[in-house]
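Hello,

Here is the structure we talked about.

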Amino acid sequence: MLSKRVIIVSADRALAKRLAAGVMAAGATAETVASAEEIAGRAELVVVSLSLDALGAIETVPARIPDGASIVCVIPTSSLELTVELLKTPKVVAVLVADELGPGQLAAVVSRLLYGDVFGLEKVIPWGVKVYSLLVGDYQEKSVAIATISEYAGTLGVRRKYREAIEQCLDELLMNALYDAPVDAEGKQVFADVPTKTRISLRMEQKAVVQYACDGATFAVSVRDSFGTLRRETALKFLDTCLHSTEQLDRKVGGAGLGLYIIANAATTFQVSLHPGVATEVTCTFDLSATKVQLKELGFFPEKIDSAGRLVAGVSRLLARPPAPVAASRGVVALLVTAIALMLGMIGVVAWPRLRPHPRTAIAVTTTPPGAAIDVDGIAKGTSGAAPVVVGELDVGQKYQVGARRDGYEPAVELVVTRAQTTAVELALKPLPSTLTVTSVPPGATVTLDGQERGTTPLALGDLAPASEHAMKLSRSGYTDAVRTVRAPEPGTRAEVEVGMTLDPDTGIVRIASVPSGADIYQGAEIIGGIKTPGEHLVRAGRTYEFTVRLPGYRPEVRIVVAKRGAALDPIAVKLLAGGRLTVATNVTEAKLSVTGAAACQNRPSPLVCDLADGDYKVRIQAPRPFVNETMDVTVAGADLARRVDLGWVQVANNDLSLVLQGAPPGTKKAGFLERDVKVTIAPAKGAAIIRTVRVQAGKTTVVDVKP
C-alpha cells in the first residue's frame with residue numbers, strides 16, 4: 001500500500017530534518033519545501049513552520065491543498081493567543097511549539113490525523129507505560145476520582161504544584177463531561193434547565209471515562225464523554241472570548257469556556273478528539289520537569305474510523321485501578337491488632353460516662369436572602385422562608401456545621417455550638433457574579449455603559465450588580481448609534497443582548513467575493529486592511545469606487561461600483577483566472593508599449609503594467625524618434641513577472657547617410673534594437689545602399705558607415 005504524502009514547509013533546515021523524522025516515524029512520506037509557494041501536487045497533510053516575522057505565510061496554504069487535507073502549524077514560542085488565531089484558519093487542526101518538539105510528539109499527531117483511531121490515552125504516551133481507568137457518573141464519583149488520581153501522583157513523587165494543576169484540569173473536564181456534554185434525543189442539553197444544586201444529585205446512565213498514566217517525566221490524563229457534542233468552533237470561540245475579556249482571570253466570563261481556558265493555561269499539551277454524536281475526549285499532559293507551565297500543543301483530532309461500537313463498549317468494561325498497596329508482614333499485623341484492642345479499651349473507659357441520656361436542644365436558621373436550602377452536617381433540613389427553619393433533636397453543647405445553599409449565591413457555612421435554649425443562626429449568602437454578553441450585528445461596535453467606554457462587541461461584562469439596570473450605547477463607523485436600557489442577569493447567571501445596528505443614511509456597503517476566496521481587496525491603490533474575500537467594506541454613498549481583487553498566482557480583477565445610500569450592494573462576484581501582473585520598463589522614455597491580445601494594454605508609456613491570464617504574449621516597443629519597433633516574448637505562469645528592457649542604438653556616421661528600416665520614416669539617422677546581432681541597410685546620399693551586420697549592446701550606441 002502506498003504511504004500517505006506529507007509536505008513540510010520550513011526554511012530552517014535543522015527543524016525541517018526533525019519534522020521529517022517525525023513524519024516518517026508515523027509511516028508517511030515526507031517532502032520538504034522552503035516556502036508555501038512551492039507546495040505542489042496532492043498531499044493529505046501539510047506541516048508548516050512559521051517564524052514570528054512571517055506568520056502571514058499560512059494564509060496562502062489552504063488554497064494550495066485539496067479539500068480534506070489538514071494543516072499543522074509549528075510556531076517558535078508558546079503563545080495561546082497566536083495558537084487560537086492560527087486555528088481559526090481553514091484546515092489548520094493543530095499548533096505545536098518548535099522548542100523541544102521531538103519526532104515522537106509529531107509522529108503521534110501525524111498518525112492520528114492521517115489514519116484516525118484518535119481515542120485512548122495510549123496514543124500519547126510511550127509504549128509500555130501502564131494506563132489506569134475510572135468510570136465517573138456523578139458529582140460524588142468525580143470527587144473520588146480526582147482524589148484517587150492525585151493520591152496516585154503523590155505516590156510517584158509528583159510535586160504539589162503539578163498535582164494542583166492536574167486536579168484543576170480534571171475538575172473542569174469532568175464538570176463539562178457530566179453536566180455540559182449530555183444531550184437528549186433531540187440534541188438539547190439535559191442539564192440546561194436543571195438548577196446547580198439539583199444537578200449534583202443526579203447521575204447519567206452513560207458514565208465519563210477517565211484515564212491517567214505517568215512515565216516519570218510526563219503525567220497524562222484524559223476524560224471522554226459518550227455524547228460527542230463539543231464542536232471545534234465552539235471551543236475556539238470560548239478560548240478567544242477568555243483571551244480578550246478584561247475579566248478573564250476571576251471567573252467572570254464563566255461557564256465551560258472558562259474551564260477550557262483554565263486547562264489551556266495549566267497543561268503542556270491540550271488535545272481534543274472528536275467523533276460527533278458519539279464521543280468527545282480531551283487529553284492533557286503535564287511536563288513534570290518544566291520550570292514554567294507553557295502550552296506546547298493544542299489540536300483538534302477528528303475520528304476517521306468507525307469507532308462508535310468500541311467507544312460504547314468501553315463504558316461498560318471493568319476498568320483498571322491503580323496497583324494495590326503491598327501487604328504488610330504478619331508481625332506488623334499483630335502489632336496493629338494489639339494497638340487497636342488497647343485503643344478500644346481506652347475508648348470504652350472514656351465513653352462510659354457519656355452513655356447516659358444527653359439533654360437535647362434545637363437551632364432556628366434564617367437566611368438573607370430567603371429561599372436557601374438548609375443542611376446540618378450535610379443532611380438536608382428544609383428551605384428558608386419568612387419563618388426560620390427549626391432543626392431539633394440536637395445535643396446541647398455540641399458543634400454542628402450549618403450550611404445554606406441557593407442558586408446564584410456562594411454557599412454560606414457556619415460552625416454552631418448549641419446551647420440549652422434554641423440557638424438562632426442567621427446566614428448571609430453572597431451573590432455570585434453575573435455575566436451580561438453584548439453582541440452586535442455587525443460585530444466590532446464600541447460599547448459605552450453609563451457613560452463609560454467598556455470595549456467592543458462581542459463583549460462580556462462581568463462586574464455588573466445582579467439585576468441592575470444600565471444605559472448602553474453602541475457606536476460603529478458607518479452606522480447610527482444604538483441606544484438601549486439593559487438589565488444585568490440574576491446572580492450567578494448569564495444573559496446575552498444582541499443589537500442590530502442600522503447603516504448611516506450617507507453610508508453604503510460593498511460586498512466582494514472571489515473564486516478562489518482569500519484575496520486581498522484594494523480601493524484604488526491602497527489595500528483595505530483586515531478583510532479578504534468574501535468581505536464587505538463601508539463607503540460613502542453616491543460615490544464611484546474602483547476595487548481591485550488580488551491573489552498571488554492569479555490575474556487581478558478590477559470592478560467599478562457606485563455605492564447606494566444606507567444599503568448594501570448586491571455581492572460583486574469575481575472569478576480569478578490563473579495569471580499575474582506583467583511589468584515592463586525600458587530605457588526609451590518616448591516609447592509606447594503594447595501587449596498583443598490584451599486590449600487594455602495598448603500604447604502605454606514605460607513602465608507598462610498589465611494584468612494578464614497565464615499564457616504566452618508578445619510585447620511591442622515602439623517610438624518615432626529615435627525610431628524603435630521591437631518585439632519581445634514573455635510568458636505569464638501563475639506569478640507576477642517584471643522585465644527590464646534596455647535597448648541599444650545604431651547610428652549612421654554622418655548626415656549624408658540614413659538607415660533604411662521597415663516602418664521607419666525616410667532619413668532616419670538613429671534606431672533602437674534589443675541586444676543582438678542585427679542587419680541594417682545604410683543608404684548614402686548618392687550611390688547604392690550597403691547592408692551591415694551590427695552587434696547591438698544594451699544602453700550603448702554603435703556608429704555605422706559605408707566605408708569598407
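Below are the notes on fold, surface and salt bridges.

This is a predicted model, where local features need pLDDT of at least 70, side-chain atom pairs count only at pLDDT 80 or more, and totals for chains, interfaces and linings use all residues. Residues are numbered from 1 along each chain as its sequence is written, and side-chain values use heavy atoms, with hydrogens and water left out.

The protein has 10 helices and 45 strands. Both are DSSP runs numbered from the N terminus: helices are H or I with at least four residues, strands are E with at least two.

Of its 708 residues, 43% are buried. Buried means under 20% relative accessible area, exposed over 50%, and partly exposed in between (1.4 Å probe, protein chains only).

Salt bridges come to 28. The rule is a side-chain nitrogen of Lys or Arg within 4 Å of a carboxyl oxygen of Asp or Glu.

One of them pairs D67 with K91, with the closest N and O atoms 3.7 Å apart. This pair links distant parts of the chain, 24 residues apart. D67 sits in the loop between β3 (45–49) and β4 (70–75), K91 in the loop between α2 (80–87) and β5 (92–97). D67 is exposed at 69% relative accessibility. K91 is partly exposed at 23%.

R231 and E233 form another, at 3.4 Å between the closest N and O atoms. R231 is partly exposed at 48% relative accessibility, and E233 is partly exposed at 46%. Elsewhere, salt bridges that share partners join E59, D520 and K532 into one network.

Best wishes
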